[in-house]
6 protein chains.
Amino acid sequence: MPYVNIKITDENVTKEQKQALIAGTTQLLVDVLNKNPATTFVLIDEVNTDNWGIGYDQVTALRKNK
Amino acid sequence: MPYVNIKITDENVTKEQKQALIAGTTQLLVDVLNKNPATTFVLIDEVNTDNWGIGYDQVTALRKNK
Amino acid sequence: MPYVNIKITDENVTKEQKQALIAGTTQLLVDVLNKNPATTFVLIDEVNTDNWGIGYDQVTALRKNK
Amino acid sequence: MPYVNIKITDENVTKEQKQALIAGTTQLLVDVLNKNPATTFVLIDEVNTDNWGIGYDQVTALRKNK
Amino acid sequence: MPYVNIKITDENVTKEQKQALIAGTTQLLVDVLNKNPATTFVLIDEVNTDNWGIGYDQVTALRKNK
Amino acid sequence: MPYVNIKITDENVTKEQKQALIAGTTQLLVDVLNKNPATTFVLIDEVNTDNWGIGYDQVTALRKNK
């Protein structure tokens with residue numbers, strides 16, 4: 001009965017990409033640890049780039065400087 | 001000083017239901033562990049059904065198949 | 001399919017008290033939101049009092065000053 | 001490579017205040033533990049005052065009673 | 001720069017299994033969202049079966065009843 | 001009433017360093033957002049280096065290769 005929380009920046013992730021993350025993570029837990037997929041939860045949090053910092057800066061600023 | 005995080009799907013939860021979850025969880029911690037309610041935090045996260053997976057699938061799909 | 005995470009200080013919580021927190025939280029989600037208990041997770045984290053701060057101080061220090 | 005999650009109520013926090021939280025937290029981890037800022041993540045969650053409880057009540061109600 | 005937190009029960013997970021979870025999750029984020037593995041974090045929490053509840057009960061009890 | 005969770009690797013962090021993280025984080029929230037320190041929680045999780053992955057690998061392996 002694993003619980004997985006994936007946090008990513010909120011940058012136009014599609015419904016299909018979310019479905020791929022859910023299916024892929026669940027399969028990984030089945031393959032590696034033989035977990036039951038029926039009680040495997042995968043939750044995705046999309047975080048605004050103003051609210052995610054790395055290396056002292058907001059991701060918003062990092063994206064502009066690229 | 002407990003901290004409780006409740007994650008539920010974002011499906012029309014009312015303000016009154018949220019208040020009931022907060023009061024009930026706090027009372028439980030008072031009853032079972034004699035915790036101080038003044039420093040008991042309860043945080044509720046409402047998660048989009050596209051972002052919550054169980055059994056390989058998005059909850060959005062599960063709701064449609066019911 | 002709710003997920004609940006309860007964080008408390010690691011101060012001799014018994015197995016029976018943990019069971020009471022799990023059963024009580026699950027019942028609350030059934031009562032307030034009609035959730036399915038079979039897919040309701042409750043996870044308890046016990047945190048060392050050196051690792052929990054409130055009001056600038058470690059809980060370890062607060063316990064000594066009582 | 002620390003990971004820091006700051007949860008605050010959603011009450012008009014500005015982009016500049018978020019940047020100050022990110023920079024200040026990162027600097028603290030550099031100063032205290034000599035961590036590498038390039039792999040230090042700071043994530044800020046802004047939580048609706050209906051969804052944050054303390055002392056049995058929603059913060060929304062506490063703000064009104066002030 | 002994704003952050004992934006995997007919570008599983010503390011039941012003799014080996015170092016090699018943990019490595020497989022870390023590598024597999026990272027590869028999934030590269031494949032689905034083209035994320036940079038150098039700033040992809042995967043954290044695994046192993047939770048005591050007394051501290052994990054599902055369906056009103058501790059996993060400890062569920063394991064005994066199998 | 002902020003809640004802050006700091007996750008770091010479990011590598012001989014002292015009680016004094018933890019206290020410095022707690023005091024510094026609390027002060028930052030007072031300075032930037034004028035939060036009340038009496039209801040500011042700071043929780044520190046120390047994570048085994050086998051359980052923390054970055055760039056496909058366990059931190060345990062990264063430390064050896066330095």
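Student: By a turn of how many degrees can chain A be laid on chain D?

Tutor: This is a predicted model. The superposition of chain A on chain D leaves an RMSD of 0.0 Å, with a shift of 0.0 Å along the axis. That is the relation of a three-fold axis. The turn is 120 degrees.

Student: Which residue of chain A comes closest to the rotation axis?

Tutor: Go by the C-alpha atoms. The closest approach in chain A is 5.9 Å. The residue is A:Asp45.

Student: What length does helix 1 of chain E reach from its first C-alpha to its last?

Tutor: Helix 1 of chain E spans residues 15-33, which is 19 residues. At 1.5 Å a residue, 27 Å is expected. The helix comes close to that, reaching 27 Å.

Student: Are the buried residues on the same side of helix 1 of chain E, or on opposite sides, and what arc do they cover?

Tutor: Among the buried residues are E:Leu21, E:Ile22, E:Leu28 and E:Leu29.

Student: Which elements of chain C pack against the buried residues of helix 1 of chain F?

Tutor: The buried residues include F:Lys18, F:Val30 and F:Leu33. Their partners include strand 1 and strand 2 of chain F, and strand 1 and helix 1 of chain D. From chain C come strand 3 (52-54) and strand 4 (57-58).

Student: Which residue takes a positive phi just after helix 1 of chain F?

Tutor: Helix 1 of chain F covers residues 15-33. Just after it, phi is about 60 degrees at F:Asn34.

Notes. Residues numbered from 1 in each chain as written. Chains lettered and ligands numbered in written order. Predicted model: local features only at pLDDT ≥ 70, side-chain atom pairs only at ≥ 80, totals over all residues. Heavy atoms only, no water. Least-squares fit on C-alpha atoms with pLDDT ≥ 70 in both. Helix = DSSP H or I, 4+ residues; strand = E, 2+ residues; numbered from the N terminus. Expected span 1.5 Å × (residues − 1). Buried < 20%, exposed > 50% of the residue type's maximum accessible area, 1.4 Å probe, protein only. Contact = heavy atoms within 4.5 Å.
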